[in-house]
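Trainee: I would like to take a close look at a single part of this model, and I would be glad of one connected answer.

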Amino acid sequence: MASAAVSWFGDAMNAVPLRKSEVMPQGERVVTILGATGSIGQSTVDLVRRSNGRFRIEALTAHSNVAELAKLSRELGATYAAIADEALYQDLKDALAGSGIEVGAGEGALVEAALRPANWVMAAMSGAAGLKPAMAAAGRGQIVALANKECLVCAGEVFMRHAAANNATVLPVDSEHNAIFQALGAGQPEHLVRIILTASGGPFRTATREQIETATVEQALKHPNWSMGRKITIDSATMFNKALEIIEAFHLFELRTDQIDVLVHPQSIIHGLVEFADRSVVAQMGAPDMRTPIAHCLAWPERIEGPATQLDLAKLGQLTFEAPDPVRFPALRLVREALELGGAAPTVLNAANEVAVAAFLDRKIPFGGIARLVEATLEMMVRGGTAGAPANVEDALAVDHTARNTAATLLPEIALKAS
Ligand code: NAD
Ligand code: MG
């Protein structure tokens, strides 16, 4: 593969990265967590706590939760703590007074956190806001454990090119992509036929179109299997999460879109599958607990003990599968169209979805309005031929900005119009 310093194939199971001696100084892994107070951040912290000092913490960041960021920074002995909200600088400084921990606030401080001398950075901020810090981390040529899928959806080519140019190693944290990473190790690129991303189907898997249209915030936030942040939980309910994951896989593994399939698997035990030319299908399984893929990335290329429940297939009895339904879940149709359109379409899709999810959580649009807002924004910005492919981060963020504004202007119309 051209873009990452890791070969996904063949050696991935034996875990021999191309630059092992450089990326894995014997015995010491120095960790920075961007988005330490979030769901993925906390799971990473949990693994660090259990590791008996194997990992040293360099920097931690959060959006606005000063108390939690200060508590974690003291407990884990971070050298730098950054809060995104500039107005909270003094609060964080006060909370860390006497600790010797350096403090920063604002966007620049998040980038500074990413630039600190860690050799393993967890990119777990949510949304396109995570792009600049993740780019900064990749620019240092170390390991970036990438949870922030929006970063790849917003600027996939730009990010992967930047990582490759700086010899960074991008490890997929997202459970499906982590599964694919593990399964790819069983073969060689020339024998890969396709990958299959599994999807739980979310809380509305068996709901009718009408029920989905009018679903409440409370219903949409009740994910059957996974406990996650609010944005991704709503994305799971609309299946925009899987749509974003198709784009994520497209960039991470450099596949054609027709090599990426989606399979609904309500139990979330099989996380991803890879089919090779001889029709062997290699899958990765585990209880639905993000600490498993995070542990895989944290110790990679080694393995550490994971705290997830041990898989008991006999107790589970059966695993079931269904074809995804692009009619009830238009996200699955829209993502294929966006990839087909190419250029800035995925960036626009991601930005419009972020605006739509926030508007739904604010009860400004119905659940069914999320996909309609994304489609209307794509229609206005891309199908009319106004948005070219982003060539760099500034470009991607400019498209992201314009798409957010466009989506915001379309909001009132979507709010009024039922399906
Ligand atoms: P979360 O909302 O629980 O946490 C997000 C973290 O980022 C928090 O620490 C928050 O303070 C910080 N943050 C949010 N907005 C910010 C901003 N504008 N500036 C600076 N910091 C900001 O989210 P999460 O569920 O942990 O997800 C994080 C990322 O990982 C997302 O991209 C998500 O798609 C991806 N992911 C999550 C899961 C999961 O199980 N939670 C699984 C796969 C992928
Ligand atoms: Mg996932």
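Predicted model: local features only at pLDDT ≥ 70, side-chain atom pairs only at ≥ 80, totals over all residues.

Mentor: Residues are numbered from 1 along each chain as its sequence is written, chains are lettered from A and ligands numbered from 1 in the order in which they are written, and side-chain values use heavy atoms, with hydrogens and water left out.

Cys151 is buried, with a relative accessible area of 0%, where buried means under 20% relative accessible area, exposed over 50% and partly exposed in between, for a 1.4 Å probe and protein chains only. Cys154 is likewise counted as buried, at 1% relative accessibility. The sulfur of Cys151 has its closest cysteine sulfur in Cys154, 7.8 Å away, which is too far for a bond; the structure holds zero disulfides, a disulfide being a pair of cysteine sulfur atoms within 2.5 Å.

Turning to strand β5 (residues 120–123), Trp120 and Met122 point one way, Val121 and Ala123 the other way, and all are buried; helices (H or I, at least four residues) and strands (E, at least two) are DSSP runs numbered from the N terminus. Strands pair if DSSP finds at least two bridges between them, and β5 is joined in parallel by four bridges to β1 (residues 29–34), with Val31 opposite Trp120. Four bridges also join β5 to β6 (residues 143–146), again in parallel, and there Ala123 has Leu146 as its bridge partner. From β5 the chain crosses through helix α7 (residues 131–138) to β6 in a right-handed β-α-β crossover, that is, with the strands pointing away from the viewer, the path from the first strand over the helix to the second runs clockwise.
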